[in-house]
Amino acid sequence: MSSESTLDDEDTFKILIATDIHLGYLEKDAIRGNDSFNTLEEILKCAKTNQVDFILLGGDLFHENKPSRRCLHTCITMLRRYCMGDKPINFNILSDQKVNFNTTHFPWVNYQDENLNISIPAFSIHGNHDDPTGAEGLCALDLISASGLVNHFGHSHSVEKIEISPILMQKGITKLALFGLGSIPDERLYRMFVNKQVTMLRPKEDQDEWFNLFTIHQNRSKHGPTNYIPEQFLDDFIDLVVWGHEHECLIAPTRNEQQLFYVTQPGSSVATSLSPGEAAKKHIGLLRVKGRKMNMQKIPLNTVRQFFIQDVVLADYQDIFTPDTPQVTKKVEDLCYAKVTEMLEQAERERLGCPLTPEKPLIRLRVDYSGGFEAFNTSRFSQKFVDRVANPKDVIHFLRRREQKEDNKDEVNVDYGKLLKTTAVEGLRVEDLVKQYFEATEQNVQLSLLTEHGMGKAIQEFVDKDEKDAIEELITYQLEKTQRHLQARGVTTEQDIDLEIQRFRDSKKNTTEEENEIKEAINRAKAHRLERAAASEPKPAGRGRAQKSSAATQSRSIMQAFQSPSQRSSRPGANKSYADEMTIEDSDEDIPVMKTTRPPPRPASSSSSFTKLSSQSQSTKGVAFDDGDDEEDDPFKGPSRSRR
C-alpha cells in the first residue's frame with residue numbers, strides 16, 4: 001500500500017458523487033424531519049475530509065420544487081460552512097463558461113469569482129423534483145447558483161433540439177470532460193433520442209485523451225414503452241455515466257457491453273418510499289480519475305435511517321392457520337407482530353457502534369392475504385410499536401396477489417372492471433398498467449383505433465383527476481380524425497379500411513402529433529365539464545341523474561375502446577473497433593496509483609473547437625474491466641485486453 005500522497009497526486013481528479021439528496025423531505029415530521037439535512041451535512045463533511053477537487057450532484061438536491069424557507073436556509077448554511085474556505089483549487093476550466101452555465105447572470109465557475117472564496121466547488125444538474133418552472137424557467141438550484149454556492153449546469157432551454165456542451169477541466173495531465181443533462185420528461189427525451197435531436201459536443205483536438213463523464217437524471221428502469229431512457233441511446237465515447245433519479249443504491253460501476261461504458265447509480269441518500277429498492281445500504285462515491293483510468297470507492301452513509309422490509313404470504317402458513325381456522329385474524333396479527341419484532345431486533349443489532357444512525361428504524365411488512373384471508377385493523381396494530389419505529393402509521397401494507405389472466409376468447413366477455421381496478425403493486429401508475437395489459441394480451445383484444453399511450457393517459461386523467469369525459473372525448477376525437485383520413489384516402493373495402501386504420505394508428509406512435517391529440521381530447525373533456533357545471537342547477541335529483549348518465553357513457557366508451565377489429569359492428573368510411581482501455585476498482589480500500597507512460601501533453605483544447613456527435617454515434621473507444629476474484633485489482637493499473 002502506498003501513501004495517500006502517492007495515490008492522490010497532482011494528476012488525479014478526486015470527485016465526490018451523490019444523487020437524490022431530497023433535501024426537505026418530510027421536514028415537518030416530528031421523527032424524520034431532520035433526516036435529509038443530517039445526511040447532506042455528512043456528505044459535505046466527507047467531501048471536506050477527503051479533500052476532493054469538487055462535488056458532483058446528480059439532481060433532486062431538493063425534494064420540493066418550491067422548498068421552504070427553512071430548507072433553503074439550511075442548505076445555504078451548510079454549503080457556506082463546508083464549501084467556502086482558503087484551500088486552493090488545483091484544476092482549470094478550459095471550456096466556454098458562458099455556454100456551460102447559461103442559467104445565471106454570473107456565467108463563470110464560482111471559485112473563479114473574485115468576490116467569493118470557494119474551497120470545494122459543487123456542480124449539479126436539476127432533477128424532476130426541483131426542475132425549472134414558470135416563464136423564467138427558474139428552479140431552486142438557480143437560487144443557490146446565484147448565491148455562488150453551486151454551479152448549475154446541464155440545463156437545456158430548447159424542447160426541439162438538445163446540444164450538450166461539456167465542462168472541460170484539466171488537472172496536471174488529466175483532462176476531464178463533464179457532460180450533464182437535467183431532468184426532462186422521459187417520453188419527450190425518448191422521442192428526441194429516436195429522432196436524433198440530442199447531440200453531444202466533443203473537443204476537436206485530442207479526443208482520445210479526454211475522460212468523458214456524463215451525469216443524467218432520468219428513468220433507467222423501464223416503466224413503459226417510452227417512459228425511460230435505454231442506456232443504448234447514450235453515445236459510446238462516454239467512459240462513465242452517473243445515473244440519478246433511481247433510488248436503489250447500485251454505486252459499483254457496471255459495464256454496458258454494447259456501448260462499452262460504465263454506469264454508476266448512487267441512489268438516494270434518504271428513503272422517500274417504503275419500497276424494496278430503498279432498503280439497500282446507502283452509499284456515496286469517491287471517484288478518482290487519472291488520465292484514462294478511474295477508481296470508484298464506496299463510502300457508506302452513517303446518518304441514514306435504517307429501513308427493513310419483509311414480505312409475508314399468508315397462504316404459505318397453512319400448517320399454522322387457514323382462512324377457516326377459528327380466530328384466524330388474531331393468529332395472523334400475532335404472526336405479523338413476531339415478524340416486526342424480529343426486524344426491530346435486527347435493526348438494534350446493526351445500529352450498535354454507529355452513534356450517528358437514528359434510533360428508530362423504518363419498518364415495512366407487506367402482507368399478501370390472497371386466498372380468502374381478511375385484513376386486520378392496521379391502526380390498532382401500529383399502536384404497539386409507536387415508540388419503536390419511525391413510521392408507526394404505515395408499518396403494515398396489505399396486498400393481494402394479482403389474479404392470473406383469464407383466457408378471453410370472446411371480447412364481449414372481457415371483465416373490464418378487473419382490468420381497470422387498481423392493484424396493490426407499488427410504484428405503478430394506471431397508465432403503466434394499461435400499457436402492460438396490452439403488451440401481454442391476445443391479438444383479438446388489441447386496440448385498433450387508439451394507441452396504448454393515449455388510452456393510458458385518458459384513463460389516468462379519469463382516475464387521478466376525475467375527468468369523467470376524458471376517455472369518451474379521446475375516442476370521439478380519434479374517430480373523427482380517422483374518418484377524415486379514410487375519406488381523403490378514398491378507401492372503400494373493409495380489408496383496405498382495416499389496413500389503413502392500422503397504418504394510420506402506427507404512424508402516430510411516440511410522435512408530437514400523438515401528444516397533441518391527447519392534450520386536445522383532455523382539453524375538450526375539461527371544457528365540457530366546465531360547461532355542464534355552469535349550466536347545471538343545484539338540485540340533488542338532477543345531479544344524481546347526471547352522474548348516472550355519465551357513468552353509463554363511460555362504461556360504453558371503455559368497451560368501445562377495447563373492441564377488436566373483427567368484432568366492431570361498422571367503421572366510418574454496428575460493429576465497433578477500440579484501442580483505449582480503462583479499469584475500475586470498487587472496493588472500499590485505497591490502492592496505489594501506477595503511473596503510465598504518456599506522450600507529452602498537447603495545448604489545451606479551445607472552448608469553441610467542438611465536433612458534433614448525435615446520439616449513438618460510432619467511436620473507436622473501448623473499456624475493459626477484469627472482475628476476476630482470484631487476484632486483487634489495481635484501480636489505476638495498465639491497460640488490459642478488451643473482450644467483447
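The chain exposes about 31100 Å², and carbon and sulfur atoms supply 48% of that area. The model is a predicted one. Of the 644 residues in the chain, 52% are buried. The secondary structure comprises 15 helices and 19 strands.

**Largest cavity**

- The largest cavity holds about 90 Å³ of space.
- Its lining consists of Tyr25, Leu26, Arg32, Asp35, Ser36, Thr39, Ser269, Val270, Ala271, Val304, Arg305 and Leu362.
- By class, six of these lining residues are nonpolar, three are polar and three are charged.
- Helix H2 (residues 35–49) provides the largest share of the lining, with three residues.

**Two residues of that lining**

- Ser36, one of the lining residues of the largest cavity, is found in helix H2.
- Ser36 counts as buried because its relative accessibility is 1%, where the cut-off for burial is under 20%.
- Beyond its neighbours within four places in sequence, Ser36 is in contact with Ile21, His22, Leu23, Gly24 and Tyr25.
- Between Ser36 and Ile21, which are 15 residues apart along the chain, the C-alpha separation is 6.7 Å.
- Leu26, also listed in the lining of the largest cavity, is located in the loop between strand E1 (12–18) and H2.
- Leu26 is partly exposed, since its relative accessible area is 32%.
- Most residues other than glycine have a negative phi.
- Leu26 is not a glycine, yet its phi is positive, at about 50°.

**Second largest cavity**

- About 60 Å³ of space lies in the second largest cavity.
- Ile21, Leu40, Ile43, Leu44, Ile55, Leu57, Leu61, Cys75, Leu79 and Ala122 form its lining.
- Two or more residues of this lining come from each of H2, strand E2 (54–57) and helix H3 (69–83).
- The greatest contribution is that of H2, with three residues.
- The lining of the second largest cavity has ten nonpolar residues, with no polar and no charged ones.

- UniProt lists His129 under "active site", in an unreviewed entry.
- His129 is placed in the loop between strand E4 (122–124) and helix H5 (140–146).
- With a relative accessibility of 26%, His129 counts as partly exposed.
- When neighbours within four places in sequence are left aside, the contacts of His129 are His22, Asp60, Phe62, His63, Glu64 and Asn65.
- His22 is listed among the contacts of His129 and among those of Ser36.
- Asp60, one of the contacts of His129, lies in the loop between E2 and H3.
- Asp60 is buried because its relative accessible area is 0%.
- Although Asp60 is not a glycine, it has a positive phi of about 55°.
- Lys66 is also placed in the loop between E2 and H3.
- Lys66 counts as exposed because its relative accessibility is 72%, where the cut-off for exposure is over 50%.
- The C-alpha atoms of Lys66 and Asp130 are 7.5 Å apart in space, and these residues are 64 residues apart in sequence.

- Helix H6 (residues 186–194) is mostly covered, with seven of its nine residues buried.
- The buried residues of H6 are Asp186, Glu187, Leu189, Tyr190, Arg191, Met192 and Phe193.
- After H6 comes Lys196, which has a positive phi near 55°.
- Thr512 is found in helix H14 (residues 512–535).
- Thr512 is partly exposed, since its relative accessible area is 47%.
- Thr512 lies 324 residues from Arg188 in sequence, with a C-alpha to C-alpha distance of 8.6 Å in space.

Conventions:
Residues are numbered from 1 along each chain as its sequence is written. This is a predicted model: local features need pLDDT of at least 70, side-chain atom pairs count only at pLDDT 80 or more; totals for chains, interfaces and linings use all residues. Side-chain values use heavy atoms; hydrogens and water are left out. On a 1 Å grid over the protein atoms alone, a cavity is a set of points where a 1.4 Å probe fits but cannot get out, and a pocket is an open set with protein on both sides within 12 Å along at least five of seven lines; lining residues have an atom within 4 Å of a point. Grid points are joined across faces, edges and corners, and a volume is the space filled by probe spheres set on the points. Helices (H or I, at least four residues) and strands (E, at least two) are DSSP runs, numbered from the N terminus. Ala, Val, Leu, Ile, Met, Phe, Trp, Tyr, Cys and Pro count as nonpolar, Asp, Glu, Lys and Arg as charged, and the others, Gly among them, as polar. Buried means under 20% relative accessible area, exposed over 50%, partly exposed in between (1.4 Å probe, protein chains only). Accessible areas come from the Shrake-Rupley method with a 1.4 Å probe; for residues, only the protein chains shown count as cover. UniProt positions are given in the numbering used here, feature names are shortened, and annotations may be inferred rather than shown by experiment. Contact means heavy atoms within 4.5 Å.
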